[in-house]
Amino acid sequence: MQNHITDKRKALFKEVLAKRTRHFTVVTEDVYQLHNTSAVMRTCDVFGIQDLHVVEEKLGKRVDREIAMGAQKWVSLNRYDSIASCMDDLKNQDYQLIATTPHNESTILHEFDVSKKSAFFFGKEREGLSDTVLNNADGYLKIPMYGFTESLNISVSAAIILQDVVTRLKQSDVNWQLSEEEKYEIELLWTENTLKSSEEIIKRYQEQKK
């Protein structure tokens, strides 16, 4: 199937994959504004986060594939209809669950330990995260703020946090890179997403292997 993409595109895939990570991941919980989810997805792509987990427990399935400005081709989107199932899934993948909140005894961003595999939870625009997340999180994280305003837009918060933790992660000795198997699987997925007629090509490829 990769015969159908240029050598330049193949090289770009490998270059980006070398910088991708699953050491950190991002969760949005019942975010009402679709453009915020879209912006978070683009932020994940920009900072090399491969997986975005979107919980749509109260609002129903509202994520629009057309609003992410192409980022949906490159970021693996995992959708859940309950926050509990999302948290269980991430726990089973050995992530510590980090609630982003200006309240509680939150760790200040620059003091956060980047060596631990972490899932960052972001909540609704006004209400923030649910009690389910706040009561069951392994830790809390906040961005230091010095004005009257207590909170930032979710997409801005995600960008600030990811820029900081990813930068420090890549300066550390932590093995944050994807495995060769993960790189292969993602490269195959990106190739499929790139090709407009990918389904036909995959079908022909499978027939040739029979």
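Helices here are DSSP runs of H or I with at least four residues, strands are runs of E with at least two, and both are numbered from the N terminus. What I am showing is a predicted model, in which local features need pLDDT of at least 70 and side-chain atom pairs count only at pLDDT 80 or more, while totals for chains, interfaces and linings use all residues. Residues are numbered from 1 along each chain as its sequence is written, and side-chain values use heavy atoms, with hydrogens and water left out.

I start with the overall layout. The chain has seven helices and seven strands. In sequence order the pattern reads α-β-α-β-β-α-β-β-β-α-β-α-α-α. Of the 210 residues, 42% are buried; buried means under 20% relative accessible area, exposed means over 50%, and partly exposed is in between, with a 1.4 Å probe and protein chains only.

Now two loop residues. Asp-30 sits in the loop between strand 1 (24-29) and helix 2 (34-46), and its phi is near 50°, a positive value in a residue other than glycine. Most residues other than glycine have a negative phi. Asp-94, in the loop between helix 3 (83-92) and strand 4 (96-100), also is not a glycine and has a positive phi of about 70°. Are these two buried or exposed? Asp-30 counts as buried at 3% relative accessibility, whereas Asp-94 counts as exposed at 60%.

Next, the aromatic rings. There are five aromatic pairs. Rings of Phe, Tyr and Trp (its six-membered ring) pair if their centres lie within 6.5 Å; planes under 30 degrees apart are stacked, over 60 edge-to-face, and the rest tilted. Trp-74 and Trp-190 are edge-to-face, because their ring centres are 5.8 Å apart and their planes stand at 90°. This pair links distant parts of the chain, 116 residues apart: Trp-74 is in the loop between strand 2 (51-55) and strand 3 (76-80), and Trp-190 is in helix 6 (residues 180-194). Trp-190 is buried, at 2% relative accessibility.

On to charges. The structure holds ten salt bridges, each a side-chain nitrogen of Lys or Arg within 4 Å of a carboxyl oxygen of Asp or Glu. Which residue forms a salt bridge with Glu-187? The partner is Lys-14, with the closest N and O atoms 3.3 Å apart. Glu-187 lies in helix 6 and Lys-14 in helix 1 (residues 7-17), so the pair ties together parts 173 residues apart in sequence. Glu-187 counts as buried, at 8% relative accessibility.

Also in helix 6, Lys-183 and Glu-180 are three residues apart, which means about one helical turn between them. Their side chains meet in a salt bridge of 3.5 Å, N to O. Lys-183 counts as buried at 19% relative accessibility, while Glu-180 is exposed at 60%. A network of salt bridges links Arg-22, Asp-51 and Glu-182.

Last, the cysteines. How many disulfides does the structure hold? The number is zero, where a disulfide is a pair of cysteine sulfur atoms within 2.5 Å. Cys-44 is buried, with 0% relative accessibility, and Cys-86 is buried with a relative accessible area of 0%.
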